[in-house]
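Colleague: I would like to go through the labels on this model. Please set each one against its cut-off.

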Amino acid sequence: MAEGGSGGNQPPREHPRTLQGLLQMAVTAGTAESAPVEPMSEERRQWLQEAIVETFQGQLDEVEQMKKCLRVLDVATPGTEHVENPEEVRLDLEQREGALDVLVELCENLDNAADFCKLEGMRLVVHRYLEHEEKELRWRAAYLVGTCAQNVPKVQEEALALGCMRKLLRLLDSDPSEAVRIKSLFAISCLVRAQETGLLQFLHLDGFSVLMRAMQSNVQKLKVKSAFLLQNLLINHPEQKEALCSMGMIQQLVALVRTEHSTFHEYVVGALCSLVTDFPQGVRECQEPELALEELLKERCQLLKDQEEFQEELDFCETLLRICFHSQPDENSMDR
């Protein structure tokens, strides 16, 4: 039962719905102003017992839900003997899609993500669904891997040990489905950011080349997310700048800046800024006459000067001009 605050003037206190909520309640109570220690009232004792039971029952229910979903996913896919019954095949696919959707929702909770791995869920999803013939299952599987892996080092390590990185890079690079490629990129991002083992595997498998090819695709969302990940990796791993320059990354990024203008360019120019900051080799490559980058940046500043929605890109262009060419855009482009 809920209990009011001091003197009954505070709104009723709701039960915590999770273990984290219960712990937070205890921390809050422990940091409150000192008060004389009094025996716990029967009403308060009953409320606390109910809160604990409710919290752990909720966690148990979620584990049971995960087990049910995994049982659905573990059943063998209908074989050729069921081809004459397309309705059965359709229902089976919908059940598997639904199970993956529920698991994604449950595994947003870090404790559930860890339990998912203890239940051998990661192994099942990686081995049976990441490269499933049905694209609806492939993208959901990639989404589930990323959801489980974000911010949970032990889950990241298990996913990497199961060979996730190689499969995800292959999906990002060549899967015919846009949704599969986008969710694979999400999962890759969750496995390389703040994860040294993931980054090492990404580098070993030539992940930067895969990322560049994704930026050159005709899928706008994929291009933006790829450029954003590249920019993030450059900021957090400046030691990779030399390797990226040696593979011609600056020339390829400048070529992308020359394509028809879109919101994607903000992240491309941002990645260029990250690549040249505190890195003289990158600056020298940007100064190569055949790139004609200085003129391109000045033209871009003129194009963007009165468009507030492109302010970030304009700032990046001006930063590149200052770092690489010790210059500012034309005076009239500064009047904004």
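Colleague: Which residues is Phe202 in contact with, leaving aside its neighbours within four places in sequence?

Modeller: They are Met165, Leu169, Ile188, Val192, Gly207, Phe208, Leu211 and Leu233. Contact means heavy atoms within 4.5 Å. This is a predicted model: local features need pLDDT of at least 70, side-chain atom pairs count only at pLDDT 80 or more, and totals for chains, interfaces and linings use all residues. Side-chain values use heavy atoms, with hydrogens and water left out, and residues are numbered from 1 along each chain as its sequence is written.

Colleague: What makes Tyr143 and Phe186 an edge-to-face pair?

Modeller: Rings of Phe, Tyr and Trp (its six-membered ring) pair if their centres lie within 6.5 Å; planes under 30 degrees apart are stacked, over 60 edge-to-face, the rest tilted. Here the centres are 5.6 Å apart and the planes at 65°, so the pair is edge-to-face. Tyr143 lies in helix α6 (residues 135-149) and Phe186 in helix α9 (residues 178-192), so the pair ties together parts 43 residues apart in sequence. Helices are DSSP runs of H or I, at least four residues, numbered from the N terminus.

Colleague: What are the values for Phe202 and Phe208?

Modeller: Their rings are 5.3 Å centre to centre, with 85° between the planes, and the pair is edge-to-face.

Colleague: Why is Glu312 called partly exposed?

Modeller: Buried means under 20% relative accessible area, exposed over 50%, partly exposed in between (1.4 Å probe, protein chains only). Glu312 has 45%, so the label is partly exposed. Both Phe202 and Phe208 are buried.

Definitions and conventions:
Helices (H or I, at least four residues) and strands (E, at least two) are DSSP runs, numbered from the N terminus.
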